[in-house]
Amino acid sequence: MDYVEIGSLIDAHRAQILTKVAQAHLEDPYLVERFGADIEKKIAIDTRQNLAALGKAIRYHSPMILDDYLVWRRQTMVNMNGSTGLVRKNFTLIWSVASDYLAPDALTVIHNYIQSALHALQYARTSTKYLTAAQNQLTEALVATTYDNHWIWQNAYHAHGRVRALREIWWYLDYLNDALGMNNPEVLGRQLRWMRERAVERGLATIHIQQLLWFLAEIAERHLPPEPVGDMQRMLRNCLNFLAYDNSSCVVLIASQDRIVADAAQQFVVQGLAPRLEHAAIEVGSYLAYLYDCLAKTSAASLIRYTNWLRPRLAQLGRSDATLAQSYAMIEQALQAHLPEPIAQEASALLQAALQQLSNHRNGAAYSESELVVTQF
């Protein structure tokens, strides 16, 4: 079978291949969340162009046409908040679906062209090669450190579980790889901000996305040589800046948080709410982490949800709603002592909304999740 004929066969089966490739993409819920309800239409457009480029390269007997096209396509995808992994996924699916329609000798040629093009997507930077090779291993280690070891991650992903966490963290590493390859922190920074928005909707907070960076920096040391680890850690440190809100109340809270934590944690220990100062500091820090997002969004929704999640956890430790209310009161006192009055009042209003939720529970009121997220200040 000559190359012109193979190119013509790709054109002849383009509609069938395109439909199945688009459907296969939709099986990954991450892609639907990341790129919106019209993701199927976007994938269809991209796949049609990818098939046209593949057919043209084969007709002209020139792998370089497809190589150059994929490098351009990857840059286009990154500019539109995609990543290399999305380009690789599309062409891998094209190959898989084409095997249902084309003869073996045609498939061999197509496979060779696609492999050449995917190889062209490798960045020149050595650290990206190590990261690509270890991407699955690092993903598993990071999920084990977060989802497997922390109840709050499991609560947030309860509807989808560990498989969903694995998918999203794999994509997070893919954006890190592009940020390294292009030497551009904004590539990962934009993704982190999107991840933060989704995390807050699920009941997590900014600090949990920051933890993905901190934990990965540590995990990489166990799996990669020093040079790529250093490159990754520098990039991760730079990308932390993208998670800082420019809200003035948030900035002041961060500047004052060490004093607030120290003050409130001391009271936790004195009142018997924590066995040791370090435990109290972690607990107070968690409340402040949710307060940070609430201040940024001028909404108590995150803190209310966190309070609801805490109630059964603390009940297992013998702590009632009354002791939870006591915790909030001590945190509020520390906020009043260490924040400027307008910001302290703003923070107190958010805490009072969470306390009101405790009061509603004690009075037997029941609220749906949608009702819990509408409090605005």
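Helix H4 (residues 39-59) buries Ile39, Ile43, Ala44, Asp46, Thr47, Asn50, Leu51, Ala53, Leu54, Gly55, Ala57 and Ile58, where buried means under 20% relative accessible area with a 1.4 Å probe, protein chains only. Helices here are DSSP runs of H or I, at least four residues, numbered from the N terminus. This is a predicted model, in which local features need pLDDT of at least 70, side-chain atom pairs count only at pLDDT 80 or more, and totals for chains, interfaces and linings use all residues. Residues are numbered from 1 along each chain as its sequence is written, and side-chain values use heavy atoms, with hydrogens and water left out.

The buried residues of H4 pack against helices H1 (3-12), H2 (14-25), H3 (29-35), H5 (63-79), H6 (84-98) and H7 (104-120). Just after H4, His61 adopts a positive phi of about 55 degrees.

Further along, H13 (residues 206-223) and H14 (residues 226-240) pack at an angle of about 170 degrees, their axes 10 Å apart; axes are lines fitted to C-alpha atoms over the stretch in contact, with angles from 0 to 180 degrees between N-to-C directions. The two helices are therefore roughly antiparallel, a label for angles over 145 degrees. Their contact (heavy atoms within 4.5 Å) includes Trp214 and Leu216 of H13 and Met232 and Leu236 of H14.

Leu176 is in contact with Leu131, Leu188, Leu216, Met232, Met235 and Leu236, leaving aside its neighbours within four places in sequence.

Technical notes
The expected span of a helix is 1.5 Å times one less than its number of residues. Buried means under 20% relative accessible area, exposed over 50%, partly exposed in between (1.4 Å probe, protein chains only). Angles under 35 degrees count as roughly parallel, over 145 as roughly antiparallel, 65 to 115 as roughly perpendicular and the rest as oblique.
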